[in-house]
Amino acid sequence: MTAMIEAEGLEKRFGPVVAVDDVSLTVARGEVLGFLGPNGAGKSTTMKMIAGYLTPTRGTARLCGHDVLDDPIAVKRRLGYLPEGAPTYPDMTVTAFLDWVAAVRGFRGSDRRSRVERAIGLTSLHDVLYYPIEALSKGFKRRVGLAQALLHDPEVLILDEPTDGLDPNQKHEVRKLITAMAPEKAIIISTHILEEVEAICTRAVVIARGRVVADATPAELAKRSRWHNAVTVVVGADQGEIAAVALRKLEMLGTVEVDARGADGLIALSALARDGAPVEGPVRTALASVGIAPREIFIERGRLDEVFRDLTRREAA
Amino acid sequence: MRTTLIVARRELAAYFATPVAYVFIVIFLVMLGALTFAVGNFFDRGQADLAPFFTFLPWLYLLLIPAITMRLWAEERRAGTIELLLTLPVTMWQAVLGKFLAAWAFAAIALALTFPMVITVNVLGTPDNGVILAGYAGALLIAACYLAIGAALSATTKNQVIAFVLATAACFVFTVFGSPVVAGFLADAVPADVLEAARRISLIGRYESVTRGVIAVRDLVFFATFIGFWLYANAVIVDLRKAG
């Protein structure tokens, strides 16, 4: 695994404000790095520095071995970048815009046409080719931005909130596209949709107040949740009390939460494992001993949203 | 160079993407015609030249050139497309020069559409067409100076109106420094050395000598340096203001 993106001690100050503070990360080919953090945490600023738009106050970044400060043009040739908000020239038509980007990227003649067509195909823009971009919906605008980033089939992709403003179907399409490209490229996406991280990212970096507070796989992050390995069982309405008493007797369980479930009178009991140890077996045994057969039983992997809140709040405190 | 021209081509096309460009050209031609014929007494002078035309041109440019440049960077910054432009494999110089060339080309198109003046004066008399050509060269040069100022100041703000006002004010300063009226007015208050320095960086005196047909190397060097300085300032300002 060779690192295609390497950020080293990136720091950005705006006057007295430290927006990004000593952020280092590496992304290898085949990795999709999810860049997470609350609004204003420094996600976009970090990406802008890696993309060579903002000059870091300290530190530097390398893409495919090219330093962004020493050789910005080499970096920009290898990079597909979707800036925050997917800016495009509103008065141009979709084809004119993509054709212009291809021209700037140095493609000529039939090569340029085929590249533009390929990008249009990848992002399903066929229906809006001759509309001015300003007339398009938010989802189409985002896809035009994405098409622009994919046009030259770059080795490195940095996408700032690629699915923001898309409907669920479009989100799914974009995620599929990213997953399909992932083996060949090094990708960073920023997002605050946690399900997206679980769905497509091989690694997640959480940033808060400009600092990296976690760098792990989504599964590792989920393990930090108190919900990791928690067991939820669904039982009949009359069995709720008995089951709760039986479960609360178990030493290895933390709290047991009881929820009434809708109109059908079922009760859901969630048993949180102490220290995240697997507890499914003991729970089944305990229920069997009081003669209850659960209608449903499922084990949680952990709740990323909760881990995210913990990580980013602790830093704020 | 190729990339610069690709940037310039898009920028020039953007002028004509809205009716604003056509409105601009019409206003430019009508105003210039009115000034030349009505105020400049084109016919009554009884001379076969375009002197009144070239006398009024810089003052009209003062208001119209900032309208060409106000959009260049302010709009990129407002819409966020500057981030797109500067993360494409385009150097800062290519971007600055490309935009400047597009604006200059647009100004040149508007100026070229004044050709009926040349025809008129040639029909009515026998003018020195060499001097008229020199006049057009001077017009292109002073337009380039104003454009370079306006483009640089357009990068200081996200608001086109502010960009317009700043550029007009700056162009005005560089124009009136040379005029005898201002010099006489300031003579008592300002040391003579400062006035002399101000006169030297003023555009209007050099413009007038070029339009009279006196094309001196040091004036050309001055214009080139002046434009170069403002283009450099443009790149510096864009770089400094990227974050905002």
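Me: Happy to look at this predicted model with you. Is B:C171 buried or exposed?

Reply: Good place to begin! Buried means under 20% relative accessible area. B:C171 has 0% relative accessibility, so by that cut-off B:C171 counts as buried.

Me: And which cysteine has the sulfur closest to that of B:C171?

Reply: A disulfide needs two cysteine sulfur atoms within 2.5 Å. For B:C171 the closest cysteine sulfur is 9.1 Å away, too far for a bond. That sulfur belongs to B:C145.

Me: What about A:C201: how far is its sulfur from the closest cysteine sulfur?

Reply: A:C201 is buried too, with a relative accessible area of 8%. Its closest cysteine sulfur sits in A:C64, but that is too far for a bond. The distance is 19 Å.

Me: How many disulfides are there over all chains, then?

Reply: The cut-off to apply is 2.5 Å between cysteine sulfur atoms. Over all chains, the count comes to zero.

Me: Let's turn to pockets. Which element gives the most to the lining of the largest pocket?

Reply: The largest pocket holds about 550 Å³ of space. Elements giving two or more residues to its lining are α1 (2-16), α2 (20-39), α3 (51-79) and α5 (92-112) of chain B. With nine residues, the one that gives the most is α3(B).

Me: How many residues of that lining are charged?

Reply: The lining has 27 residues, and B:A14, B:Y15, B:T18, B:R71 and B:Q160 lie nearest the pocket's centre. By class, 16 are nonpolar and three are polar. The charged residues number eight.

How values were computed: Residues numbered from 1 in each chain as written. Chains lettered and ligands numbered in written order. Predicted model: local features only at pLDDT ≥ 70, side-chain atom pairs only at ≥ 80, totals over all residues. Heavy atoms only, no water. Buried < 20%, exposed > 50% of the residue type's maximum accessible area, 1.4 Å probe, protein only. 1 Å grid on protein atoms, 1.4 Å probe; cavity = no way out; pocket = protein on both sides within 12 Å on 5 of 7 lines; lining within 4 Å. Points joined across faces, edges and corners; volume = space filled by probe spheres on them. Helix = DSSP H or I, 4+ residues; strand = E, 2+ residues; numbered from the N terminus. Nonpolar A, V, L, I, M, F, W, Y, C, P; charged D, E, K, R; others polar.
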